[in-house]
Amino acid sequence: MSETLRSDVLISGGGLVGQALALALAHHGLSVRIVDPADPVATIAPGFDGRASAIASATWQMFEVLGIAGRLAGHGCPIRAIKVGDGAPDSGRGGELDFVTADSDPPLGTMVENRQLRLALAAALADAPLARLSMPATVVSRAIDAHGVTLTLADGTRLAAPLLVVAEGRRSPTRDATGFSIANWSYHHHAMIGAVAHEKPHGKVAHEIFYPSGPFALLPLVDDEQGRHRSAFVWTVSERDGPGFAKLGERGFVAELQKRAGGVLGAMELVAPRMTYPLGFHHSASIVADRIALVGDAAHGIHPIAGQGLNLGLRDVAALTEVLVEGARLGLDLGDAALLARYQRWRGLDNMMVSLATDGLTRLFGIPGRTAAAIRRTGLGAVQHMPMLKRFFMDEARGEAGDLPRLLAGTEI
Ligand SMILES: Cc1cc2nc3c(=O)[nH]c(=O)nc-3n(C[C@H](O)[C@H](O)[C@H](O)COP(=O)(O)OP(=O)(O)OC[C@H]3O[C@@H](n4cnc5c(N)ncnc54)[C@H](O)[C@@H]3O)c2cc1C
């Protein structure tokens, strides 16, 4: 008979969010096991995930507590200013609204390549004796009853815990099989992402330019070993135009990139393979069910326009960790419905507000025509002259708004 491996929490999905949760729980004394069909060596190989993420300052504070920030030393580029522009043909380009931080203030975020995040998390997990990985492993059956959750793997091993956290990303099969209802729609946009080396220094400034065909972002990265200045780009194009751009040779692609960037960084050269992601919105009405909690993209997926998707998932991690660690200290069953309801109340509203705001922004800047562009310019100009509103947006970008879990304030639970 195969063995049953027990832990305090089972996590299905070992992406950035699932791994961060495992680390946060193990850091606070809970035993945890991740199960994922992906090969962990493949997920840290160059070229597996070419994205870079803007990590909000509050999320970075959690990284400090969990010992991830130290492992990212030299890989994070602070964002000191964000320049937002309406790139409609008649609007002039860029800089209509800017958010600038004083050097004495925390940055608006820190840009880190996802591969570096994956390497740092993998190394931290390897040093966490309470966190175990079943990777690659496939679940062939799942049983949930009043006593807990049991997953049976293809090799016959059984994994048991009072709670199953689902961190399987946007197409989560467990979420779909366990009756969560999801609202979703496609933006009919593709995001082309990659990294460029460029002539002029970026000055730790992020640029977000809204073209009618979709937003275009340049995000500062640390210089490479040869001292070349680098930035990540997220270039959104319509589904219709995506295949055409994908077929462009490197020289043609870079010429188009430079045109979108408007010369702000000078001559550019691709330094990482470009990748394309289809963009859509999805949102789960509830993020808990019997002995199940959803985190990260399994619970919500938003447009990358504001670089908030991963941050939202990591806020789920911080809140769920606090709820479970406090529950364990009181001797509660970690699958207890009241504990899960606290997580739902804490994260439900914030997830919904950020998701809807991002969706609204995407639609607002996607409206074609001169009138719409003129209204947007007036709006950007108005915010530029309202310090209180600018402060509000900057706190949102830093992830410092709302009822913050302790980890996001940089303290242990
Ligand atoms: C172009 C682009 C740019 C972005 N930029 C930013 C940014 O700047 N800042 C930001 O905050 N966010 C950004 N995001 C969003 C961010 O990348 C995602 O929110 C984040 O990666 C989600 O992580 P996750 O761990 O929830 O899901 P995923 O990364 O999708 O991981 C899911 C994991 O679950 C596993 N899995 C799948 N099926 C199963 C199963 N049946 N059983 C077990 N495991 C399973 C997978 O193998 C995978 O390891 C961006 C997104 C895109 C598309």
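This report covers the ligand shell, the salt bridges and a surface patch of a predicted model.

**Ligand shell**

The ligand is surrounded by 29 residues. Asp36, Arg51, Asp297, Leu310 and Asn311 are the closest. By class, 14 of the shell residues are nonpolar, 11 polar and 4 charged. Helix 1 (16-27), strand 4 (52-55), strand 14 (182-198) and helix 8 (309-329) each give the shell at least two residues.

The side chain of Asp36 places an N or O atom 2.7 Å from a ligand oxygen. A backbone N or O atom of Leu310 sits 2.8 Å from an oxygen atom of the ligand. For Gly309, a backbone N or O atom is 3.4 Å from a ligand nitrogen. On its own the ligand has 1000 Å² of accessible area, and the protein covers 83% of it.

**Salt bridges**

The structure holds 19 salt bridges.

| Pair | N to O distance |
|---|---|
| Asp127 – Arg71 | 3.0 Å |
| Arg228 – Asp224 | 2.8 Å |
| Asp316 – Arg347 | 2.8 Å |

Asp316 is in helix 8 and Arg347 in helix 9, so their bridge ties together parts 31 residues apart in sequence. Asp316 is buried at 0% relative accessible area, and Arg347 is buried at 4%.

Asp127 is exposed at 55% relative accessible area; Arg71 is partly exposed at 35%. In the remaining pair, Arg228 is partly exposed at 29%, while Asp224 is buried at 12%.

**Surface patch**

Leu349, Met352, Met353 and Leu356 make up a nonpolar surface patch. Together they have about 400 Å² of accessible area. Met353 lies in helix 9 (residues 337-366).

Technical notes
Residues numbered from 1 in each chain as written. Predicted model: local features only at pLDDT ≥ 70, side-chain atom pairs only at ≥ 80, totals over all residues. Heavy atoms only, no water. Patch = residues over 30% accessible without salt bridge, like charges linked within 9 Å, V, L, I, M, F, W, Y side chains within 5 Å. Areas by Shrake-Rupley, 256 points an atom, 1.4 Å probe, with all protein chains shown as cover. Salt bridge = Lys/Arg side-chain N within 4 Å of Asp/Glu carboxyl O. Helix = DSSP H or I, 4+ residues; strand = E, 2+ residues; numbered from the N terminus. Near = heavy atom within 4 Å. Polar contact = N/O pair within 3.5 Å; in protein donor to acceptor, adjacent residues only side chain to side chain. Nonpolar A, V, L, I, M, F, W, Y, C, P; charged D, E, K, R; others polar. Buried < 20%, exposed > 50% of the residue type's maximum accessible area, 1.4 Å probe, protein only.
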